[in-house]
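Colleague: I'm new to reading protein models. Could you walk me through this one?

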Amino acid sequence: MISVKLRNLRLQDKEAVIAMLGDPQVMRFLGPRRALAEDEADAWFENSLTNPARFAVANADTDEFIGFCGIKQIDGVPDFGYFIRSEFWGNGIAAEACELAVERLSSEIDLETVQVFIADDNLASQRVAQKLGWQATHNGSKDGEYGRYYRITR
C-alpha cells in the first residue's frame with residue numbers, strides 16, 4: 001500500500017500533471033468532462049503553480065506526484081474535490097488524501113460551508129464518501145451531470 005502526503009505543487013510535477021489532465025478516464029468527471037489538449041493542460045499547470053488551490057498529493061516515500069485534493073473556490077463556493085492519476089486508482093489513496101486534507105483544512109475553514117458533488121456515474125468517489133462517512137444531503141446537478149451533494153463529516 002502506498003502512503004501519501006500533501007504538499008505544494010512543484011515545477012518537477014509538470015510532466016505527470018499534464019499526462020493526468022490528458023487522461024480521459026481522470027477527466028471524465030472534471031472540468032470540461034474531456035481530456036485537455038497539451039496547451040490547455042500546460043496553461044492549467046502554470047495557473048495552478050502561481051495560484052495554488054488544492055494540495056498536491058504525493059507518495060510519502062518517493063515524493064512522486066499522484067494527484068490533487070482539497071478545496072478550490074468555484075463561483076464563490078468552497079468546493080472540495082480530488083483527482084488521482086489513473087495508474088494509482090484502487091489503492092485507497094483518494095480516501096487517505098481526503099482524510100489528510102480535511103484534517104488540515106478543518107482549522108482554516110468551516111467544513112459545513114464546503115460543497116462536495118459526486119456524479120451518479122462516479123461510483124468510485126461514492127465509495128470514498130461512504131468510507132469516510134460523509135453524508136449525502138440532497139440530489140442535484142452540476143455541469144450538466146446529475147448526482148448528490150455531500151457534507152464532510154469527521
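**Helices, a hairpin and a buried arginine**

Modeller: Happy to! Keep in mind that this is a predicted model. Let's begin where two helices touch: A94, A95, C98 and E99 in helix 4 meet V128, K131 and L132 in helix 5.

Colleague: Are helix 4 and helix 5 roughly parallel or oblique to each other?

Modeller: Their axes come within 9 Å and cross at roughly 50 degrees. Angles under 35 degrees count as roughly parallel, and 65 to 115 as roughly perpendicular. The two helices are therefore oblique.

Colleague: Which residue in the turn between strand 6 and strand 7 has a positive phi?

Modeller: Strand 6 (residues 135-142) and strand 7 (residues 145-151) run antiparallel, joined by 7 bridges. In this pairing, S141 stands opposite Y146. The two strands form a hairpin with 2 residues between them, and the one with a positive phi, about 55 degrees, is D143.

Colleague: Is R85 buried or exposed?

Modeller: R85 sits in the loop between strand 4 and helix 4. Leaving aside residues up to four places away in sequence, R85 touches A16, M20, V26, E64, F65 and I66. Buried means under 20% relative accessible area. R85 has 12%, so this residue is buried.

Methods:
Residues are numbered from 1 along each chain as its sequence is written. This is a predicted model: local features need pLDDT of at least 70, side-chain atom pairs count only at pLDDT 80 or more; totals for chains, interfaces and linings use all residues. Side-chain values use heavy atoms; hydrogens and water are left out. Axes are lines fitted to C-alpha atoms, for helices over the stretch in contact, and angles run from 0 to 180 degrees between N-to-C directions. Helices (H or I, at least four residues) and strands (E, at least two) are DSSP runs, numbered from the N terminus. Angles under 35 degrees count as roughly parallel, over 145 as roughly antiparallel, 65 to 115 as roughly perpendicular and the rest as oblique. Contact means heavy atoms within 4.5 Å. Two strands pair if DSSP finds at least two bridges between them. Buried means under 20% relative accessible area, exposed over 50%, partly exposed in between (1.4 Å probe, protein chains only).
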